[in-house]
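Please look over the model below before using it. My notes follow as numbered points.

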Amino acid sequence: MALTLFGISTAFVQRVEGIAPVAGALARVLAPVDAVLRGATGLVGGAVVRWQDAGELAETVERLEQHVAELEVNNAKLGDVTRENEALRALAGFRRERIDLDLIGASIQGMAIAREPGGLLHALWLDVGIADGVAEGDPVTTNRGLVGRVVRAHGQSSQVRLISDPLARVGVRIERTQSTGILVGSPSGELTVRYLPRDPDGAPSVAVGDLVFTSGLADATHYPQMLPIGQVIEVRQSDERTSLEAVVWPHVDFNALAQVLVVTDWDPIALPVEALPADAQPPSAPDAAPGAGTGG
Amino acid sequence: MGPYATGALLIVLAVAQLTLAPRAALDGAFPSLPLLAAVCWTVLRGPREGLVLAIGGGLALDLASSAPIGMYSLPFGAAAVVVSGGRALTNARGMLLTAGLVVVATAAAMAVQLGLIAAAGGHVVFEARAVWELFVPAAAMNLIWLAVVYPPLRRLAKRIGGPRLEWGL
């Protein structure tokens, strides 16, 4: 408005002869006013723009924060899915590798009931049961290692006694020396291989770092052979000092199990010929050892 | 407490033990709600009702356990008897007494259960570190959860009425 007034007055002054000095004076008076008004207009306008921008920015920030929160949730879900996918891929790989085993995939019914009520006994519930082909005695494993054995099979669910349970027994073999023993659990969950021979052939039958697998032997603890169990972390003499004992750190974290495989059947164990009794040795190389057979 | 109410309470305790208690695990140890309830009930209502709750709760866990029958009912029953003896020694009937009896009951139940595991052919090594690894966490969790279990049971006991007069143990 000030500019308009200034323009009109200037045009009027220029058309009227003889009043140039007046016009000049007027211009000198109006120029600072115009400058002040320009500045004020700019300040107000800038403030309004900044206020509007601030509002928009706040909305944008809020929107972006929501977006970030959604992305974080999605990322967490993706991480879970990725981990689950990797675990399932690993199980699938294990299933492909172990063609001698007939495996049923099972997912544990939540880790909430992963342990027995008292804490001294160690058991899991699975969401597969008789209807899925599971039977009492079936071994349960993952690609990382042996988990346990089904002790009760119901219609749609089953209970698995972990190998860390004090009532559990597993026939095992030390990979490096091929020495065999019996793996037992304990109330604290510690795994111990007992009845390992003392220094056969002058060499220790077990040492720290040795890998432990199922042997597939021992009728009462019948499992498929060569299922990984863990690694030896301590070797000690038995109380009777007649054999060695090895404390084993399991490959499987029993508190973090998500997916397991139930072995419903497996091929007979192929023992070396020299391991068979003389009267049981067939004329040609044997395919199977007597007594070895199916689980479940 | 009548048989129906006792049955309902046992079901609630067993379900809570199988579903809720493991979620409350700290470093692998979680509370034994039926045992806690049995100790509280023994203090609040007397040895007979406490024993019924202990054995009933133990049987409910036996049914859900992978172990042979009796692996929970016998230890809980033994613990209830021990707690009844402890209760008979004093006239106090409060939270402090109950807390002390919870520790005693945890030890008694654990000792009997370890004995049963050994009797069943299980591998049990009686070492000092087992006390630290097994008993201390279990007793601590039971003490923590006593604050959750005791108040509703005390309210229930008050609603039912005074404890039945009995002869000592």
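1. Which residue is the bridge partner of V235(A) in β11(A)? A246(A) is that partner. Strand β10 (residues 228-237) of chain A and strand β11 (residues 244-250) of chain A run antiparallel, joined by seven bridges. Strands here are DSSP runs (E, at least two residues), and helices are runs of H or I of at least four, numbered from the N terminus.

2. Ground rules. This is a predicted model, in which local features need pLDDT of at least 70 and side-chain atom pairs count only at pLDDT 80 or more, while totals for chains, interfaces and linings use all residues. Residues are numbered from 1 along each chain as its sequence is written, chains are lettered from A and ligands numbered from 1 in the order in which they are written, and side-chain values use heavy atoms, with hydrogens and water left out.

3. The barrel. In chain A, six strands close into a barrel. Their order is β6-β7-β8-β11-β10-β9, and the pairing is antiparallel. Neighbouring strands of this sheet are turned against each other by 40° on average, direction ignored. Pairing requires at least two DSSP bridges between two strands.

4. Confidence. The scores are ipTM 0.78 and pTM 0.69. Chain B has an average pLDDT (the predictor's confidence in each residue, from 0 to 100) of 84, with 93% of its residues at 70 or above. Chain A averages 77, and 76% of its residues score at least 70. Residues 109-114 of chain A fall below 50, yet this stretch has 22 contacts in the model beyond near neighbours in sequence. Residues 279-296 of chain A are also below 50, with 33 such contacts. Where pLDDT is low, the predicted coordinates should not be read in detail.

5. α1(B) with α3(B). Helix α1 (residues 3-19) of chain B and helix α3 (residues 47-64) of chain B have axes that come within 9 Å and cross at roughly 45°. That makes α1(B) oblique to α3(B). Axes are lines fitted to C-alpha atoms, for helices over the stretch in contact, with angles from 0 to 180 degrees between N-to-C directions. Under 35 degrees counts as roughly parallel, over 145 as roughly antiparallel, 65 to 115 as roughly perpendicular, and the rest as oblique. Residues in contact (heavy atoms within 4.5 Å) include L9(B) and L10(B) from α1(B), and L53(B) and G56(B) from α3(B).

6. α2(B) with α3(B). Helix α2 (residues 33-45) of chain B and α3(B) have axes that come within 7 Å and cross at roughly 170°. The two helices are therefore roughly antiparallel to each other. Among the contact residues are W41(B) and R45(B) of α2(B), and E49(B) and L61(B) of α3(B).

7. α1(B) with α2(B). The axes of these helices come within 8 Å and cross at roughly 140°. α1(B) and α2(B) are therefore oblique to each other. L13(B), A16(B) and Q17(B) in α1(B) meet L33(B), P34(B) and A37(B) in α2(B).
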